[in-house]
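Subject: Structure handover

Hello,

Here is the structure I promised to pass on. My notes follow below it.

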Amino acid sequence: MASLKLFLKSSVGRKFLVAVTGLGLSGFVLTHMAGNLLMFVRPEAYNTYGHKLTSTPLIYLAEAGLLAMFLIHMGLALKLALENRTARAMGPSQNPSTCEKSARFGSQYMALTGVLVLVFVILHLISFKYGTYYAVTYNGVEMRDLHRLVIEKFKLPLYTGWYLVSMLVLFVHLAHGFSASFQSLGLFSVRNCLIKKLGWAFAFLVAGGFFIQPIYGYFYGGN
Amino acid sequence: MLDSKIPSGSIEKKWTERKFENKLVNPANRRKHTIIVVGTGLAGASAAASLAEQGYKVKVFTYHESPRRAHSIAAQGGINAAKNYQNDGDSVQRLFYDTIKGGDYRAREANVYRLAEVSVNIIDQCVAQGVPFAREYGGTLTNRSFGGTQVSRTFYAKGQTGQQLLLGAYSGLMRQVAEKTVELFSRHEMLDLIIRDGKARGIVTRNLVNGDITSHTGDAVLLATGGYGNVFFLSTNAKASNTTAAWRAYKRGAYMANPCFTQIHPTCIPVSGEHQSKLTLMSESLRNDGRVWVPQKTGDNRNALEIPEEERDYFLERMYPAFGNLVPRDVASRAAKRMCDEGRGVGSSKLAVYLDFAESINRMGEAKVREKYGNLFQMYEKITDENPYKVPMRIFPAVHYVMGGLWVDYDLMSNIPGLFVLGEANFSDHGANRLGASALMQGLADGYFIAPYSVGNYIGLQKLAAIKSDDDSVKATTQAVKDRLEGFKKIKGNQSAETLHRKLGKIMWDHCGMARNEKGLKEAISQIKTLKEEFWNTLWVPQNDHCLSSEIEKAGRVADFIELGELMCLDALERKESCGGHFREEMQTPEGETLRDDANFSHVAAWEFMGDKPKLHKEALTFEFAHIAQRNYK
Amino acid sequence: MKLKLKIWRQEGPSSPGKFVDYDMDHVSPDMSFLEMLDVLNVGLVKKGETPVEFDHDCREGICGSCALMINGNAHGPETGTATCQLHMRRFKDGDSVIIEPWRAKAFPVIKDLATDRTAFDRIMAAGGFISTNTGNAPEANSILIGHDTAESAMDSAACIGCGACVAACKNSSAMLFVSAKVSHLAQLPQGHPERAKRVRGMVTQMDNEGFGNCSNTGACEAACPKEIKLENITRLNREMVRAVFKD
């Protein structure tokens, strides 16, 4: 027990937690993205999926878990980032971006991209989870018509633009974060070719999947 | 005549006997004794850790910021040990004999035998510490061969053997620091030795960060402060390597033995210009596959590739057909110098010879050569900007190691009781020439396996009165150090110590380098005397010495180097014979090889400081067990 | 060739520092970077000015003393090179060169370009060793270690402790240094008895020294003069997890 406590207090242990929660959240965005794609099956399928998901009591447990992961991930990462700032006594001219011996793409901006993702998530929840309630009835069951809301939102160019930018930010965050998690867990190095490719593929898949919906909504939403 | 206190009896039994005769100190009493260790290279770090493990209170001093930066770290090739793992007929006896012969019969037999004897324990010790020596696929240790021997007894860790051995000793030392048995003083330079009632009782140091001068007292002082090759300014030594600790001890009465015995390593990267600050060694192993040559004609200015085969002189192969390019270091160096003296040197300075791999590349293919020597070729290219796969390397001899040092007896104690000297700082084991991969062996033998026994014996024999920080001897020595520093500040000239050091180096290299003669040495002595005056009249150091100041550090070191240089020339002048690295042009065979004079010079020359006229003491060298002969590598 | 140097000058640990400009007129391309600074210092002494302090010793890339930030690069622009092995031919006539010390809270500046890196020694004292006393050792060949394991341990052990990893890292993290030592000893059977204790001790000390946290950026690996691999950090993380289950 003492050794677990020491581990969780250490820099390595805290990074371990950031990695575990990061991978958990990665799983969440992946399933979320997959769920979104149901939109292209039929509006009905999309709405029914949403309804089923929210009507089981397990949703509260899942949401609580998600929130916990989110808070741990964010809280620890920010705390580590603040410590890093203190550890670094930057000279006036020392600018890592001029460094010819470069670091990994995305790794320099994790705190910034992370905070942007947080802002996005909050606005996203306001727009959709707590947004306008349109009702629709399929086979006598009344449920929320999320499909309509989504189409409505993505008809707004500004909203679509913001959404797309946010997904790019998410891409950058995942491109480093996903593969780096495996290093923090002590499993694979980020220099491992497979993990490196997997990281890029995952970020591309998730961000790409999220891209389709707003683009579709914007161009074809009216029909 | 000096008494080296060698135990009687057969050579195989001497060390065992001595260990048995030694007085022991009760473990509970050991922590009441403070041992001062100066230097944290292989010898210093290993001695400090071992003594602390035994229970003594140890204080360790280094002018580096960390013990791990000591210059032992730079040794490339390997460490010898008579393990006979290769089943090629090696033995303690053979390592002993090779070392004695390699040293041209100017080393003390009993010490060398003990060195060979404990060499096997060193490898065990280092492996236990986690030194990653190279291995066979089956998991056993592997070896390589080195110059001057016919067996494979060199253990190595890539080209960084010194680094790995030092990190091993350093880790042992840091473990004792954590256990608070060792107190570590980094960035502290020893500037004087405290002697009370004729015994070494402490040192005076300068804290290099804030300039504080402090005294530290104890029951014994161990100097493991390395060699003084930097007296030549340009050498393969690290920039800070210096003689100050040893020289201060000499000024307090310790004898300096064979100071003129210097090893000049044949394969170094040549000087590229006036700005040169140090020389870089290329491992001796290159001579396994490289061929050394110069143009046959003098003043041939064509570049290497334009000179046809028949107009090249592979001079080592021509002069020494039996050993060819693999003759010992001193022989190879002198031959290269002779070529340059004849005007057949190459490169812009004309002070270099070619080391050519074209034939090996043809024979084994470039890939194989790259696998064997890739890191060395890369290092060469980084420094010279020439690709050694395409054009031959240019090499020239450079000062690498000094066999001379403070005189010690069989127990590694100097003539001042309580002052022990370990590693390159002492003179004991390598005679007039050291074999490759033997310096690491000696440093660790002294530190792990010899000093801990003999220091214990010394402590056990003494009844030392406590020495307080206000003792007269402590106060006087501390004051002397302060006065000397003030002396530097008072000069207020306009030359940096480095500039003066370069001048000394040139005198030493020209007259006391690879070849020496009476006229040149006398000339050098008079030039050094003039330089000494110049130093004390034109030196500049900053007035503020309460901060990090390399100028102040260098001033003291260069002042000592100048005095040492003079003694080296005197020693070289007195030794009217040629042996090993000491080549007196007057004493040579018709073929230009060294000519020993065993009748008159089979002795250690130990010099005692006596103001302007040092006094010579001799320790006779007798060879009861090794058969004395002329070295022959033809 | 001519160079414009901009060098960080700082009197002592607590005094404020500033950049001072120096013009160098006769720089030979064959000089090493440190020899160029030697020439500068000899010139300063001639004028009675205090020379620039910088750490250096072996000048062959193994002692780990030299430590300069050159135009924002730890040890300068060349990869796999310590400052002392960097030659002036890497620069062009008229170049401006900004020279700074390592910057990290755990490496306070002593003077000018010299920093205090004893934090590394304290990390080593916290477990970077195998506890074996002189005389304890068994016969060397009684411990069999495969060729590849020995080579891999050697690659980790090649670290020279210069601190470039800390300097290059935007977080001033010492993970590459610590992981190199932990990896070296964790790969060898001799290092196994103290494996858990070692990694815990060293990581705890590293955190206490005020180094930042690793964010897996790899800048350390890119700056390392001995090209120590990032895989060592993965191994350190694994060793830490493993240590939770072994007391």
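The centres of domain 1 and domain 2 of chain B, taken over C-alpha atoms, are 31 Å apart. Domain bounds come from an automatic or database domain assignment. In chain B, domain 1 covers 1-261 + 403-609, and domain 2 covers 266-399. Their contact takes 21 residues from domain 1 of chain B and 24 residues from domain 2 of chain B. Contact here requires C-beta atoms, placed from the backbone, to lie within 7 Å.

This is a predicted model: local features need pLDDT of at least 70, side-chain atom pairs count only at pLDDT 80 or more, and totals for chains, interfaces and linings use all residues. Residues are numbered from 1 along each chain as its sequence is written, while chains are lettered from A and ligands numbered from 1 in the order in which they are written.

Next, the sheet. Five strands of chain B form an open sheet with parallel pairing, in the order β5-β2-β1-β9-β17. Strands are DSSP runs (E, at least two residues), and helices are too (H or I, at least four), numbered from the N terminus. Two strands pair if DSSP finds at least two bridges between them. At the edges are β5 (182-185) and β17 (419-421) of chain B, each pairing on one side only. Strands β1 (34-38) and β9 (220-223) of chain B pair over four bridges. Ile35(B) has Ala220(B) in β9(B) as its bridge partner.

Last, a helix in chain A. Helix α7 (157-184) of chain A has 28 residues. Just after α7(A), Gly186(A) takes a positive phi of about 80°.

Best wishes

Note on methods
Expected span 1.5 Å × (residues − 1). Contact = placed C-beta atoms within 7 Å.
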